[in-house]
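Me: Could you go through this model with me, starting with how the chains meet and then moving to the sheets and loops?

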Amino acid sequence: MNEEELAAGMRAQRYFADEGLLTAVYLALTLGRPLLLEGEPGVGKTELAAVLARVLDRELLRLQCYEGLDAGQALYEWDYPKQLLHLRATEAGVGDVYREEFLLERPLLLSLRRPAVLLVDEVDRADSEFEAFLLEFLGDFQITIPELGTIRATEAPVVVLTSNRTRELHDALKRRCLYHWIPFPGAERERAIVRAHVPSIEADAADSLVRAVSGARRLDLLKRPGIAESVEWARGAAALAANGDPWPVALRRALGLLIKDEEDMALVNAHLDELIAP
Amino acid sequence: MSRDAGQDLLRGFLRDLRAAGLPAPVTRQRDFLHALTEVPPRDVRHLYWLASATLTASVVDREVLDPVFAHWFAGGALSVLPETDTPGEEDRGGDGAEAAPPDQLAREGAGREASWSAVDREATFALTSTAEHQVLARLRRDLPGAVPTIRSRRRTPARRGDRIDVRRVHRDAWRTGGEVLRPRWRARPQRQRPVLVLIDVSGSMKQHSRDHLRFAHTVVAACDRAEVFTFGTRLTHVTPELRRRDIDGALSALADVVRDADGGTRIGPSLRDFLGNARHLRMARGALVLVLSDGLERGDCVPLTKAVRRLSLLAHRLLWWSPLACDPGYRPVTRGMAAIVGHVDDLAGVRDLHTAWQQVKKEAL
């Protein structure tokens with residue numbers, strides 16, 4: 001698959017990547033390296049992995065990170081109850097229970113066994129100790145299980161890591177990945193995204209919506225709306241407009257889908273006339 | 001371009017990058033060269049994105065990459081490159097500041113310039129006396145008990161618990177030939193909540209800031225997760241300096257970092273800088289937040305009130321320690337304090353190490 005085919009495939013899945021992101025994704029596929037994505041919430045980091053899975057026709061394996069995530073939930077775990085039953089039933093030796101059939105495969109190990117796109121979502125939410133579990137996996141696409149030996153990938157998985165930058169990741173982790181920062185999209189691209197996801201919306205309606213969103217992003221908000229929010233807003237406003245509301249009124253009424261904080265709402269309301277032309 | 005010239009160009013580019021402060025490790029450089037052979041760049045813009053994906057490890061690194069790249073490959077005219085798309089369009093999504101991540105806008109020690117009485121000088125602190133060391137030792141002893149706790153997400157083996165520790169049960173069963181004799185448990189242990197200390201180092205707090213910084217040093221030493229910021233005219237993250245064990249060494253290291261000591265007060269804007277940064281917000285969420293300040297704000301009090309309200313919503317407990325409140329006749333009637341007092345969990349009088357220790361003991365009960 002060359003770069004144009006990749007771009008076309010992602011466009012067909014309604015994902016509009018800019019040149020920088022496309023280059024980073026293509027490099028990750030060509031060099032077989034994990035891709036670390038950072039950016040504000042709601043710019044499509046997680047979505048990229050889902051789209052990539054569909055474009056490449058691979059299974060999407062998702063590992064949502066949280067504080068306290070440990071190796072047993074990310075890599076593998078022994079099926080202890082099953083081992084116990086086996087011990088009692090057969091009175092076998094201890095070494096006998098450390099076999100593949102007693103191994104519970106968690107997402108990281110699973111992604112080595114079959115062609116997959118692995119999404120390690122919000123790495124910054126896991127505590128920094130967890131990053132150490134990832135190192136062997138990301139560096140060589142292998143996992144060492146003391147009782148069994150080293151398990152290598154039959155086919156290198158496509159790995160996407162996302163982070164919201166709430167803390168700095170370890171250098172050792174970053175060194176093993178390609179890196180890309182996803183910014184808010186330009187107006188042209190955001191229009192395309194909104195129209196692709198909400199087909200019922202008119203061209204000039206989408207235009208005024210995108211203008212309002214980029215205007216809102218320039219305000220001093222606590223949480224600036226991402227692409228996910230503008231698509232939701234467009235959907236809500238389109239539903240209201242189908243009910244007979246004129247477009248600017250529909251936009252105003254659906255504002256709760258774009259702005260989700262009371263203080264931000266007050267600020268946006270104060271600037272509403274500049275953002276949404278009546 | 002001949003092959004040799006191309007190699008020289010790349011070598012020079014990587015060398016300059018290193019000299020400019022972006023030491024790309026060998027593996028990354030190998031990735032970059034590998035990328036060039038696998039994906040021959042179409043144009044300079046494409047080459048830029050190849051370099052960006054392989055050589056940078058953080059969006060901040062682009063600040064170094066951009067000028068060096070421009071120098072070597074674009075004849076110095078590359079300002080439009082790291083734009084999203086359709087550069088030059090009126091309302092594109094990122095207008096420079098927006099394209100940068102939030103924590104780049106308000107980074108540690110990079111607060112906005114003050115509008116008045118901003119100072120830029122080194123603070124000097126006297127050495128800690130023996131008597132003070134004794135109070136600090138008491139603080140160190142009592143602090144861990146005063147920090148509120150929260151249940152850890154990570155279960156550990158315990159006598160009584162809510163989940164069976166199958167792993168330990170299994171291990172025990174080896175000895176008895178697969179017979180399970182008694183269950184083992186795992187439970188979620190209590191752990192300290194994070195502690196966030198915000199210290200006012202402005203002129204009006206001058207005589208107290210020395211003790212407050214000493215107190216903060218003890219907090220960093222005694223608590224599991226603690227972060228400390230100072231603010232006067234701007235916000236400074238000082239936890240790394242306070243990690244030094246030697247207290248006087250740590251304080252003199254602080255003097256190099258805190259450039260706004262004994263200047264004017266801009267509490268509201270400083271707190272807003274703090275809250276505007278996702279990475280800092282994380283330190284306040286569910287934490288014990290201690291603000292050591294007299295709350296004397298110059299100018300507009302609205303940012304201060306808003307910031308304190310937001311902080312109290314984020315924090316587990318928000319304590320405001322003011323030296324003025326040591327006076328039994330003190331009433332929070334200044335415009336700033338009157339607005340704040342409704343949002344803080346406790347307003348207490350702390351003017352030196354001893355009063356701080358008394359507050360800590362009170363909290364521990």
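Me: How do α2 of chain A and α2 of chain B cross?
Reply: In this predicted model, the axes of α2 (residues 19–31) of chain A and α2 (residues 26–38) of chain B come within 11 Å and cross at roughly 95 degrees, where axes are lines fitted to C-alpha atoms, for helices over the stretch in contact, and angles run from 0 to 180 degrees between N-to-C directions. That makes α2(A) roughly perpendicular to α2(B), on a scale where angles under 35 degrees count as roughly parallel, over 145 as roughly antiparallel, 65 to 115 as roughly perpendicular and the rest as oblique. Helices (H or I, at least four residues) and strands (E, at least two) are DSSP runs, numbered from the N terminus.

Me: Which residues make that contact?
Reply: From α2(A) come Leu27(A), Thr30(A) and Leu31(A), and from α2(B) come Asp31(B), His34(B), Ala35(B) and Glu38(B), two residues being in contact if their C-beta atoms, placed from the backbone, lie within 7 Å. By class, this contact has three nonpolar, two polar and two charged residues; Ala, Val, Leu, Ile, Met, Phe, Trp, Tyr, Cys and Pro count as nonpolar, Asp, Glu, Lys and Arg as charged, and the others, Gly among them, as polar.

Me: OK, and how many residues are in contact across the two chains?
Reply: On the chain B side there are 45 residues, in contact with 44 residues of chain A. The elements of chain B that give two or more residues to this side are α2, α3 (44–55), α7 (166–175) and α12 (278–284), and α3(B) provides the largest share, seven residues. Divided by class, the chain B side has 15 nonpolar, 14 polar and 16 charged residues.

Me: What's the strand order in the five-stranded sheet of chain A?
Reply: The order is β2-β5-β8-β1-β9 in an open sheet with parallel pairing, where two strands pair if DSSP finds at least two bridges between them. At the edges stand β2 (59–64) and β9 (178–182) of chain A, each with a single partner strand, so one side of each is left without a neighbour in the sheet. The twist averages 20 degrees from one strand to the next.

Me: And what does α2(A) touch there?
Reply: α2(A) packs on the sheet and touches β1, β8 (158–163) and β9 of chain A, its direction making about 155 degrees with that of β9(A). Strand β1 (residues 35–39) of chain A pairs with β9(A) in the parallel sense over five bridges, and Leu36(A) stands opposite Tyr179(A) in β9(A).

Me: What about the six-stranded sheet in chain B, what's its order?
Reply: That open sheet runs β8-β7-β6-β9-β10-β11 (chain B), with mixed pairing. Within chain B, strand β9 (residues 288–292) and strand β10 (residues 317–322) pair in the parallel sense over five bridges, and Val289(B) stands opposite Leu318(B) in β10(B).

Me: Last one: is Phe141(A) buried or exposed?
Reply: Phe141(A) is buried, with 21 other C-beta atoms within 10 Å, given that a residue is buried if 20 or more other C-beta atoms lie within 10 Å of its own, exposed if 12 or fewer, and partly exposed in between, with C-beta atoms placed from the backbone. Phe141(A) lies in the loop between α7 (128–140) and β6 (142–145) of chain A, and its phi is near 50 degrees, a positive value in a residue other than glycine.

Conventions:
Residues are numbered from 1 along each chain as its sequence is written. Chains are lettered from A and ligands numbered from 1 in the order in which they are written. This is a predicted model: local features need pLDDT of at least 70, side-chain atom pairs count only at pLDDT 80 or more; totals for chains, interfaces and linings use all residues.
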